[in-house]
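Have a look at it first, and then we'll go through it piece by piece.

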Amino acid sequence: MLTIANLVPDLLGTYGDGGNALVLAQRARARGEETLLVSMALNDELPDASIYLLGGGEDGPQRLACDVLARSSLASRARDGATVVAVCAGLQILGTTFCVEGDDRYAGLGLCDVTTARGSIRSVGELRVRVGERLLVGFENHGGRTTLGDGVLPFGRVEHGRGNDGVYDGFRAGTLWATYAHGPVLAQNPWFADAVLSSVLGYELEPLDSVADLLYEERCRAIRS
Amino acid sequence: MSQSPSPRDRLGVAALRGLNRVSRASGRGSGTVIGGRVGLAISPHLLVSLAQGRTSILVSGTNGKTTTTALVAAGWGGDVVTNDTGSNMPAGHVAALAGSTSPRVALEVDEAWLGAVMSEVDPRVVVLLNLSRDQLDRASEVRQLAERWRGVLGDADDRVVVANANDPLVVYAASDARNVRWCDVPTPWQADAQSCPRCTLALERADGSWYCSCGFAKPTAITTSLRNGLVIAGEHYEMRLALPGAFNEANAAMALTALAAVDVDVHEALARIEAVTAVAGRFTQRRWNGRTLRLLLAKNPAGFDALLSTVEPDGRDVWIAINARIADGHDPSWLYDVPFEKLRGHLVWCLGERRLDLATRLDYAGVEFRVVDDVDELPGAERPVDLFANYTAFSEWLARSVPC
Ligand SMILES: [Zn+2]
């Protein structure tokens, strides 16, 4: 049984981020995997899951979500090998510090050596990121400037938009996947969804022809570098 | 007391009236926004002098602004100035006010402009319908918006605020206002106020009420919606609207509460509101290529959810058109917040510039769909077709079709 958990969507789910969990579950089911999609509400215990998803949120909810998750067993589960896919505010929460409400620094979950400061401008618009042979296409809306520490690899190189700092977007560290492209980035990039699933299931997935492939091709054409 | 307009104001009004006439004569829309912009450029505080001496009701909120403003105007009766062209920022307000000398004013106001317009128009009543996410890539995030409303609503003693008691963000926004008439009206969309607007803890909900451990809670309402009726200040009224849906019952209840605050007879206003059948082309039946369309404007999750509930569960085809231009918001990620799962059992035809985003969303929702690259591929239909469209797609379909 593959369990996918959407974490505190009432706080982190500003931009259709719940779509990412739905996409993972549906693509796993299409490969014959028995899949359970669960959601952790504000007062719930952290569910037992193979994949945890973190979405975007405004400053107040982001801080509260970080408090809730810091009290949970998420950090120890991630260290034990659970996969975490985080976007936007979720990306910032995984790091050691982020900024809310002006320049107040706030401690993150500290799962990796990543820090986020308040950027000089808000980054709003289409994002196109080169990830090896592939493109990641999506939409970003955030005011952070994220710096990666030693041993943390960027997810990809920005070709259009801003990402972490105008050069790189997101990061990969062990079983953590993070990007500034907010939800539902996995709907626009079916290869990304399958890469996450493949890493969790431990085998190469058969291709899945669907309208999502047409959407990906169309967005790659539409967002010019 | 009303002051006489300054020479600069008179020049601004003259310029904008001239422009409106020219653009109407040339057939390029009503031209109100262009005229209004020119008027404001000549006299930046034109709105102040144009609104002076009149009784104004402002209507704002994420969903239902246009309809509620139209209901206020209809319910008031007689000649009412209103910005019924859909331009709900100061240029549209200036243009509407310059076009009529009626002492009664009903204006729809963009949420982000409410503070600025209030300070210029000095309204007798402000109606706050609801706040939820809408076009987030260009508008303020909803909590910031609620905070800004709160900052401007505490000013005047004699101003009445008519506010939705079931929307915690609206209640927070109106919590410092001195004269609030709370309305307990249907508000099914709660996804944007799961955590307390005051302290961010989780809100508790029970028996149609809501509260937070910090003490922030649903206020006592003066107006309450009932099945087929409503109560305003202890008096019961039967209500049978021609407009569909529970959301229109909420709009009507708030419009009536606003009218009662300016001493309009509620029975008479209600009769006029019940007779309204369509607002700016919405909810109307249209004809297109031999088909009858029920054209529905759905531009954000809360609005979409309310309208999806009006689709007959008989497996009929549904058409949905989605664009992502400036007026729509460039980011269609909100499609994942719409409960399209409700359309399982229907075949959905995907139209508009972002039809592939829509089709992908429907695919993951388990809803059968067809992608339509050219409207000529659409099937014939014996029964009326429900056509959902977001803002610019709605305008296209309104232009393409004709009234029944
Ligand atoms: Zn509270």
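**Where the two chains meet**

Chain A and chain B bury about 2500 Å² between them, with 58% of that on carbon and sulfur atoms. Buried area here is the accessible area (1.4 Å probe) that two parts lose on being put together, summed over both. On the chain A side, E58(A), F139(A) and V211(A) lose the most area to chain B, together 22% of what that side buries.

Before going on, a word on the ground rules. This is a predicted model, in which local features need pLDDT of at least 70 and side-chain atom pairs count only at pLDDT 80 or more, while totals for chains, interfaces and linings use all residues; side-chain values use heavy atoms, leaving out hydrogens and water. Residues are numbered from 1 along each chain as its sequence is written, and chains are lettered from A and ligands numbered from 1 in the order in which they are written.

Back to the two chains: 34 residues of chain A are in contact (heavy atoms within 4.5 Å) with 30 residues of chain B. What holds for charges across this interface? The rule finds zero salt bridges between chain A and chain B, a salt bridge being a side-chain nitrogen of Lys or Arg within 4 Å of a carboxyl oxygen of Asp or Glu. Several elements of chain A give two or more residues to the side that touches chain B, including helix 1 (18–30), strand 8 (134–148) and helix 7 (211–222). Helices (H or I, at least four residues) and strands (E, at least two) are DSSP runs, numbered from the N terminus. The largest share of that side, six residues, comes from helix 7 of chain A.

Now turn to chain B by itself. Its domain assignment gives domain 1 (50–274) and domain 2 (285–403), with bounds that come from an automatic or database domain assignment. Taken over C-alpha atoms, the centres of these two domains of chain B are 28 Å apart. In chain B, 12 residues of domain 1 are in contact with 17 residues of domain 2.
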